[in-house]
Each structure stands twice: as structure tokens, then as C-alpha cells.
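This report looks at charged pairs and at one helix. Begin with the chain itself.

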Amino acid sequence: MPDRLTSLDASFLYLEESTTPMHVGSVMVFDPPEDGFDYDRLVQLVSTRIAFVPRYRQRIRQVPGRLANPVWVDDENFDVTYHVRRSALPRPGTDEQLQEFVARIQPRALDRRRPLWEVYLVEGLAEGRFAIVTKSHQALVDGVNAVDIAHVIVDGDPAAEGLVTDTWRPAREPSDVELLTGALVDAVRRPSEVVENIRGGMADVKAVGARALTAAGDVMSTLARTAARPAPHSPLNATVGEARRYVMIGTDLEDYRKVRARLARGRYADDVSINDVVLATISGAFRSWLLTRGESVHSGTTVRAMVPVSVYDEGARHVSSRLTACFVDLPVGEPGPSMRLHQIAFAMRQQMEGGQAVGAESLAGLAGFAPPTLHSLGARLGSAVSRRLFNVVITNVPGPQHTLYAADAKMLSTYPVMPLARGQALSIGLTSYDGGVYYGLNADRDSMPDVDVLGQSIVDSLAELLDTQRSTRR
């Protein structure tokens, strides 16, 4: 019988709405090789790589009557050219035009009648560059059977494009009778799930919600310890529509290292991390952005962020086992950049060392949590927890500090595209890669028409931290 979706993964299908599509994405910018890079080459590359990830040739099939969770079945009519698409910007295409392209294609729901992923080749960027934009549904990206399609495409070896003998043949799709028989067999094996599975429709949603509330106990107790109040009122929380804005910001990893080295002094110097510097940078950016909006900013003004944190663990069974989630009140009301950094470092250290960070194994019960790739993990948590508990999700995923390639095209930069949860007008994803730190700001189009101002404020905030560390040397 085909693989059955877990109730956690299936919840992403049941709870998905037109305003909150539940897929993650990325924008990768490349420098083409001397012999060029075209659509046919990308199709060949994707076809070769997904030979090792069978899930990318499978689609979801519902069980009649919803007597059990959906199953993965081979797509007998799989057409890679449907999933790998071609687009272009008017030459010479600017980064602003690329951002607008991403903002328009990312909110579109994936076709559930086909495998749940898409890849776009975007040609025409200035300086001969091109971009690859990806979309992968969170029901697909579980980190065990499939990782994000972006991780499938790129490789550290420019010579790793070699052809693979593709012997894949789709298995026959099961009939309705076979699906029902399989559901009954599973019900006999796990009788406790029978009543829950036959509810169907909205009852499925309610059942998932009940499980999420039960699994959220650790999260709620953490919040009770760290902040016994709801998240502060913020323009970051608003009714979300279907349209988006997207902004890409590139910064230099060495700048964060300099700030950490020169501001991280005193008894707890070793406990100030690069992630703390990132959060301090974002805090300063929020401060500037709120002031440009005419919002009231005083000494006690904060923005509560949910921050998944990667923790190295040799014994981890999968990537999500190395993650914890912290809830941090970013001190945007503090005017001093260095003081913001030390306050954040203290708050993060207090949660990590005090056992208040929520382990990924506990998060696995939250509305669709399963072991995903790292950015998808943050997206899943953001989708699961009420907007009353935090204002924004910030995922910071350390990436490789060596060059990656798509075939022999050099990847210059990579920007995450994090989905918006209900009531969340902004999501921030960032990845460090090959000496750079790259931010992707995904925002509701109507609620945040000035997300570009926030993007520029990130650049200015980092410069402010650098200026502060220079002045401390004098």
C-alpha cells in the first residue's frame, strides 16, 4: 500500500486557506557558466536530482469518505516540464523586478492534483545573472522522505551534473476499493484512530486543533515563564489578504562577526552569538520602521519574535531534533544599539540555559510539525501558534560557507521565502551563505506597503551597530 500522510502533515492540507498558502520557497541568484545555462539544462538537472527523491514524483490522493488520512501515490502522468517553468524579466532586469515577480508567484496555491512543488527559471537579470525560484508544500517537505526542492537542485560540486540512468516507472494507482481496504487495515492496527478518521471535513480540522492545543503545553508554559502577557499590540499583526510584497536584503557576514567580537565583552562575552547580533540588527530596524510610521515608541516598546534556534547535537535523529524555539521580546524601545544586543543575548541565554526553550520534539505535535528542513520548521511553528503569542517569526538558518552550484552555474546568493500565518503581516527568513547573510522579507501587500523601508532599515541598523563598535575602540 502507498505511504499515508501523518495526521500532522495532513493538517497542512486541511488548514490551508487562500490567504495562507502553506508552502515554503527560496530565491537563488546565479552567475551563469561560460557555456551558458538555459531552461533545458535546468529540466535535465531537476530530472536527474529527483531520481533520488521519489516523493517529488508523487501526488496526494484522498481516501473515499475520508476514512483515513490521504496517501502518496505515484503520478502516472508526471510531467517535469509542468513543474519546471520559464520566465524572464525585461533586460536588464533589476532586483526590484525580481522581488515583484516573487511576490506575484509565491502566494499562488500549488495544484493538489499534481506533485506539490514548482521551480521557475527567471532569466534576464542584470550582469547576465539568472534566478531560480522554488516552491515546496510543507506537507511534502518532512525532512525524511523529501527536503526542500532548493536543496535538491544545488550541490557543492560543479561537476555533479552527471546523467543518471532513470529507471523510474510509476506504480499503478490504487483503486478506491484498495484505498478503503488499506484504511480498514490501518484502522484494525490502530483502532484508537477510527473514530477520529471517520469524522472528515471540519471535524478533521477540529481534531487537528485539539491535538495542537495538547501539544502546545510546553510552548504555553514557556511563555508563562518568559512573559506572562499576550504579545504586544503591533502593526505586524493584521488581517492577511492574498497578495504579497517581497524584499531581498544582502549583508556581509563579516560585519556581524566584527560586531560580536567588539561588543561582546565582559563576563558573558562568549555567550553573545551571531544570531544575537542578527536579532539586535532586526530590533534596530523595527525601531526605525515604527518611527517612520509615526507609531509610539517608548522605552518599554517591544516586538515579540518566535525564533527557531539550531543546536548542534551529534545524536540527533534528524534535523529538527537539533532545533529549539525561543520567544524573545525584542527591545525596540531601547535607543542604544549595544544595549539592545546585550539585552537580547541575555534573554536568549536565559531561555537556552534555563530549559525554557521549546525542544523540537515537543514542537512536533504542533499543527503539522514533522521533521522538515530548517526554514520549513520555522514556518510550521509560525502556522501553529496563535498570533496572540508573538508578533513575527524570524528563522535564521546557518548555511554552507563554501560555494554551491546548479550544474556548473555558481550560486551568488539565496533568499528564503517564508509563508505568512493567519494574522501575521510579515515573516522574516535569513540564511548565511558563502560569506553573506541574506534576508527574505515576505509581507502582506496591503498591511505592509512600506516593507522596503524595513528592508533598508536592516541595512542601516547593521551600520549603526558597526559604528557603535568603532566608537568603543577609541
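A salt bridge here is a side-chain nitrogen of Lys or Arg within 4 Å of a carboxyl oxygen of Asp or Glu. By this rule the count comes to 20. The model is predicted: local features need pLDDT of at least 70, side-chain atom pairs count only at pLDDT 80 or more, and totals for chains, interfaces and linings use all residues. Residues are numbered from 1 along each chain as its sequence is written, and side-chain values use heavy atoms, with hydrogens and water left out.

| Salt bridge | N to O distance |
|---|---|
| D3 and R55 | 3.7 Å |
| D35 and R41 | 3.4 Å |
| E123 and R86 | 2.9 Å |

D3 sits in the segment before helix 1 (7–14). R55 sits in the loop between helix 2 (39–49) and strand 2 (58–61), 52 residues apart from D3. Helices (H or I, at least four residues) and strands (E, at least two) are DSSP runs, numbered from the N terminus.

Burial uses relative accessible area: buried is under 20%, exposed over 50%, partly exposed in between (1.4 Å probe, protein chains only). D3 is partly exposed at 42%. R55 is buried at 7%. D35 is exposed at 58%, whereas R41 is buried at 15%. D35 and R41 also join D408 in a network of salt bridges.

Now helix 12. P337, R340, L341, I344, A345, M348, R349 and Q351 are buried there. They cover an arc of only 165 degrees around the axis, so they lie on the same side of helix 12. The arc is that of the directions from the helix axis to the C-beta atoms.
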